[in-house]
Amino acid sequence: MTAPTLMLKLKLKAIFRLQWEPAQEAHVLLYPEGMVKLNQSAGEILKRCDGTRDIDTLIADLQQAFDAQGIGDEVRLFVAEAERRGWLESVEAAP
Amino acid sequence: MSDIAPPLWLLAELTYRCPLHCVFCYNPVNYTDHSSELSTDQWLAVLREARALGAAQLGFSGGEPLLRDDLEVLVREGRQLGFYTNLITSGVGLTDKRLDALKEAGLDHIQLSFQDSTQELNDFLSSTRTFDLKNRVAKSIKEHGFPMVLNCVLHRYNLPHVDKIIDMALAMGAEYLELANTQYYGWAHTNRAQLMPTAEQLKEAEAVVQRYRSEIGDRCKIFFVVPDYFETRPKRCMNGWGAVFLGIAPDGAALPCHTARSLPGLTFPNVTTHSIREIWYDSDVFNRFRGFDWMKEPCRSCEEKTIDAGGCRCQAYLLTGDPANADPVCDKSPHHEAVINVVRRAAVEREPQAQPIMFRNDSNSRRLAASPDGPHPDHHNVPDLAGVRK
């Protein structure tokens with residue numbers, strides 16, 4: 001009963017759109033009549049929340065992409081905050 | 001130019017024509033004076049230029065934007081340019097066929113307005129029989145997979161129904177519910193005596209909203225926009241004049257806020273004669289109340305000016321006669337008494353009023369435009385803005 005939740009994939013909810021804005025030189029999160037400007041790490045994390053990765057894969061992916069170690073806590077903290085704000089959902093792995 | 005940030009929010013008011021006649025509409029009361037409309041190509045140019053400057057949110061509004069049969073063309077271009085595209089509609093005319101076409105064109109979100117949770121009041125306030133139709137449209141919007149925001153303007157008549165309105169939004173599966181207390185501009189200003197609630201009504205409604213928020217979790221996010229007549233500090237109107245918001249009226253006039261047309265002495269630059277870049281960065285109108293240099297006392301020396309940017313210019317004009325005055329909602333304003341008096345009167349006069357309620361329609365518009373004072377001060381209902389939801 002405990003293990004399955006870890007397998008859930010992180011996904012940006014359909015109401016949001018993530019895109020790069022040249023004028024702001026930043027990733028932004030767009031939603032009905034609103035916009036959040038993201039810092040670089042937030043942008044990189046959310047970019048990877050596309051329903052193909054669980055939290056562990058996400059962290060491993062980021063560590064590899066940025067040749068960094070020990071960022072797990074920071075990523076978990078951000079993901080928790082993004083969930084609290086209602087940006088993310090957890091979905092079953094695609095078959 | 002380098003210290004002026006680019007526009008982020010483009011509101012395209014495609015037409016002032018509307019099948020509804022809402023008593024709290026923020027459109028100018030003399031909208032019949034501005035009946036010309038931009039062509040499709042002119043709108044397309046507006047979208048491209050604004051996007052090039054950096055605008056990311058695009059709202060299609062009106063009037064009723066569905067009355068333009070080129071809406072799908074504009075949505076498609078807006079989406080391809082990279083805008084997040086919002087349709088702000090009464091739902092009248094939103095057939096399954098058009099929903100299919102809008103989905104295919106890439107529309108991101110639909111905001112549907114309701115006037116109340118009951119047919120009786122919805123239909124009275126909009127002077128139409130549209131309640132059942134709106135219910136059907138809400139269902140179709142969800143069936144087409146669109147995110148949906150339900151918007152309901154609140155006032156004396158429907159504040160006691162807030163629980164039912166929330167129930168309705170939940171039943172319809174809306175992602176957000178915007179409970180927007182009436183702001184007194186445009187037609188809402190004309191009907192202020194009838195619409196103004198009491199402080200008790202507001203307090204009760206707010207408590208109901210709090211109760212629902214704690215019960216429903218993140219199923220539906222409820223926004224409750226507090227009416228600023230009941231506050232002692234003004235709202236940061238439009239997040240500052242010429243700061244993020246660019247509105248284009250049906251005839252091409254560029255507006256720093258939805259209701260700037262109510263202000264005297266301003267000649268609004270028009271997209272048919274000026275580029276969006278010139279309008280945003282160089283025009284007198286967009287620079288008029290930008291920053292802090294235009295401020296008078298008590299704003300000029302006030303440490304809170306960076307927080308509220310002096311409040312709302314239209315409200316300052318409507319209630320004090322000078323748009324450069326502090327928004328009188330602020331209790332530091334020497335005119336704050338004017339706001340208190342309006343609220344106090346609403347509390348004692350339970351059954352208004354000498355003047356009958358004025359529906360937004362062409363004949364009333366012509367009448368108000370021709371009245372001796374013109375569309376008189378003491379006039380708009382401003383929806384929530386980009387940057388406000390954080």
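Two strands are said to pair if DSSP finds at least two bridges between them. Helices (H or I, at least four residues) and strands (E, at least two) are DSSP runs, numbered from the N terminus. In chain B, strand β8 (residues 245-248) and β9(B) pair in the antiparallel sense over two bridges. A254(B), in β9(B), is the bridge partner of I248(B).

The model is predicted: local features need pLDDT of at least 70, side-chain atom pairs count only at pLDDT 80 or more, and totals for chains, interfaces and linings use all residues. Residues are numbered from 1 along each chain as its sequence is written, while chains are lettered from A and ligands numbered from 1 in the order in which they are written. The model scores ipTM 0.86 and pTM 0.90. The pLDDT (the predictor's confidence in each residue, from 0 to 100) averages 90 in chain B. There, 93% of the residues score at least 70. Over residues 373-390 of chain B the pLDDT is below 50. This stretch still has 66 contacts in the model beyond near neighbours in sequence; two residues are in contact if their C-beta atoms, placed from the backbone, lie within 7 Å. Where pLDDT is low, the predicted coordinates should not be read in detail.

Chain B contains 15 helices and nine strands. Its radius of gyration is 20 Å, close to the 21 Å that the globule rule gives for 390 residues, so chain B is as compact as a globular protein of that length. The radius is taken over C-alpha atoms, and the rule is 2.2 Å times the number of residues to the power 0.38. The C-alpha trace of chain B spans about 55 × 50 × 45 Å along its principal axes. Of the 390 residues, 50% count as buried. A residue is buried if 20 or more other C-beta atoms lie within 10 Å of its own, exposed if 12 or fewer, and partly exposed in between, with C-beta atoms placed from the backbone.

Nine strands of chain B form an open sheet of mixed pairing, in the order β7-β6-β5-β4-β3-β2-β1-β8-β9. The edge strands, β7 (221-225) and β9 (254-255) of chain B, each pair on one side only. Strand β6 (residues 176-181) of chain B has six of its six residues buried, so the strand is largely enclosed by the rest of the structure. Both of its faces are covered. Y176(B), E178(B) and A180(B) lie on one side, and L177(B), L179(B) and N181(B) on the other. Strand β5 (residues 148-154) of chain B pairs with β6(B) in the parallel sense over six bridges. V153(B) stands opposite A180(B). Helix α1 (residues 40-53) of chain B lies across β1 (9-13), β2 and β8 of chain B. The helix runs at about 170° to β1(B); axes are lines fitted to C-alpha atoms, for helices over the stretch in contact, and angles run from 0 to 180 degrees between N-to-C directions.

Chain A has three helices and five strands. Along the sequence they follow the pattern β-β-β-β-α-α-α-β. The radius of gyration of chain A is 14 Å, close to the 12 Å that the globule rule gives for 95 residues, so chain A is as compact as a globular protein of that length. Of the 95 residues of chain A, 22% count as buried.

At the interface, 22 residues of chain B are in contact with 14 residues of chain A. β2 (57-61), β3 (84-89) and β4 (109-114) of chain B each give two or more residues to the side that touches chain A. By class, this side of chain B has nine nonpolar, seven polar and six charged residues. Ala, Val, Leu, Ile, Met, Phe, Trp, Tyr, Cys and Pro count as nonpolar, Asp, Glu, Lys and Arg as charged, and the others, Gly among them, as polar.
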